[in-house]
Amino acid sequence: MIGNGTTPLRPRDRRRARRRRGLTAGATGLAVALGLGLTSLARAHAETAGGPADTGTAGAVTEPQGPEQSDFSSAFGYSLTHPTATPAGTNDWSCRPGQAHPEPVVLVHGTFENRYANWAALAPRLERAGYCVYALNYGAPDLAPLKGTGDIVASAGQLASFVDRVRTATGAAKVDLVGHSQGGLMPRYYLDRLGGAAKVDKLVALTPPNHGTTFQGLGLMARAMPGADALLGGSCTACEQQVVGSGFLKDLNAGGAVAPDVDYTVIATVHDQVVTPFTSSYLGPAANVDNQTVQTYCLTDTSDHTDISYDPVATHLVLDALDPARSTRPGC
């Protein structure tokens, strides 16, 4: 049995899923290595220019709008040469929410990603559905294509500033947050510790590492090797903070997992190769928590950690979570 009472994939489907996940993991690993190098170059350039690297969450740099994309690889490739791009349909600061969707939607990308790579499909879909949609970059210099590597506490502060900017521009009392990976975890710090619970109605999280990840054993191996843990944290502070058993996660989860006035939806996939086991994404049972798995609705869905924000079933579940009164059951 897998997921929530589903049956196993056929051998042929399992082989196809493993092959695709292997290719995705390899491409992601290469992109991470490239991105870390480009991040270092961007930071060095900013410091040489006379100051610390600017995170740019308040729109400090030009925000060209990129084209709509149908898959993560295409969007990620575009973002490497357009690191400040916004997804189509986002960051229209003249948008005013309508009665049907009174809360603006703020999209929060994951680690080693950026707003465009994560949301080049979902953002325009939400905009066409009538939402005011906004997306920020955080956790890295403006010119670094891979973001979300900085200290999660500092990134939560950037999110707080961005949400306040959205609320001021739109006149909305609250926003809804949709996040991927760290983008589903980091907002919990904002909600719990930075007053965000009074400004957020819903948090919809795609494959968040709510209880940490072993990174398929890499994180635990780093902890067992003298100096390796510090090296991991030095290269990517947010990575170390997301490893199971980290001080950050112990502190965040110590006082209870959820704020009582916020609705939480977690959307996971059994094929997650980053948050392992995939059930680490789930929040504990509560009246305002809904833990979902895409394979519950489509057994043959092979979406993994990286491409879930482009998955049709996951997209359907996001739309349902944002507007439960009009929700329908997704299928393959």
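Is Arg 167 buried, partly exposed or exposed? In this predicted model, Arg 167 has a relative accessible area of 24% and is therefore partly exposed. The legends below place this residue and others in their surroundings.

**Figure 1. Overview of the protein chain.** The predicted model contains 11 helices and six strands. Of the 332 residues in the chain, 54% are buried. The accessible surface amounts to about 13,600 Å², and carbon and sulfur atoms account for 57% of that area. Among contacts between residues at least 6 apart in sequence, 77% connect residues at least 24 apart.

**Figure 2. Packing of helix H5 against helix H6.** Helix H5 (residues 152-170) meets helix H6 (residues 182-193) at an angle of about 80°, and the two axes lie 9 Å apart. Because angles of 65 to 115 degrees count as roughly perpendicular, H5 is described as roughly perpendicular to H6. On the H5 side, the contact is formed by Ile 152, Val 153, Ser 155, Ala 156, Leu 159, Ala 160 and Val 163. H6 contributes Gln 182, Leu 185, Met 186, Pro 187, Tyr 189 and Tyr 190. Classified by residue type, the contact of H5 with H6 comprises 11 nonpolar and two polar residues, with no charged residues.

**Figure 3. Salt bridge between Asp 164 and Arg 167 in helix H5.** The side chains of Asp 164 and Arg 167 form a salt bridge with an N to O distance of 3.4 Å. These residues are three apart in helix H5, and therefore about one helical turn separates them. Asp 164 has a relative accessible area of 28%, so that it is partly exposed. Arg 167, at 24%, is likewise partly exposed.

**Figure 4. Salt bridge between Asp 251 and Arg 193.** The closest N and O atoms of this pair are 2.8 Å apart. Asp 251 belongs to helix H10 (residues 247-254) and Arg 193 to helix H6; the pair links distant parts of the chain, 58 residues apart. Asp 251 is partly exposed at 40% relative accessibility, and Arg 193 is partly exposed with a relative accessible area of 35%. Elsewhere, salt bridges with shared partners join Asp 164, Arg 167 and Lys 199 into one network.

**Figure 5. Salt bridge between Arg 115 and Glu 63.** Side chains of opposite charge can pair when their charged atoms come close. Here the side chains of Arg 115 and Glu 63 meet in a salt bridge, at 3.3 Å from N to O. Arg 115 lies in helix H3 (residues 115-119), whereas Glu 63 lies in the loop between helix H1 (11-48) and helix H2 (72-81); the pair links distant parts of the chain, 52 residues apart. Arg 115 has a relative accessibility of 4% and so counts as buried, while Glu 63, at 23%, counts as partly exposed.

Figure 6. Asn 118 is located in helix H3. Its relative accessibility is 0%, and Asn 118 therefore counts as buried. Apart from neighbours within four places in sequence, Asn 118 is in contact with Phe 72, His 109, Gly 110, Glu 113, His 180, Ser 309 and Tyr 310. Asn 118 and Tyr 310 are 192 residues apart in sequence, yet their C-alpha atoms are 8.1 Å apart in space.

Notes: Residues numbered from 1 in each chain as written. Predicted model: local features only at pLDDT ≥ 70, side-chain atom pairs only at ≥ 80, totals over all residues. Heavy atoms only, no water. Axes fitted to C-alpha atoms, helices over the stretch in contact; angles between N-to-C directions. Helix = DSSP H or I, 4+ residues; strand = E, 2+ residues; numbered from the N terminus. Parallel < 35°, antiparallel > 145°, perpendicular 65-115°, else oblique. Contact = heavy atoms within 4.5 Å. Nonpolar A, V, L, I, M, F, W, Y, C, P; charged D, E, K, R; others polar. Buried < 20%, exposed > 50% of the residue type's maximum accessible area, 1.4 Å probe, protein only. Areas by Shrake-Rupley, 256 points an atom, 1.4 Å probe, with all protein chains shown as cover. Salt bridge = Lys/Arg side-chain N within 4 Å of Asp/Glu carboxyl O.
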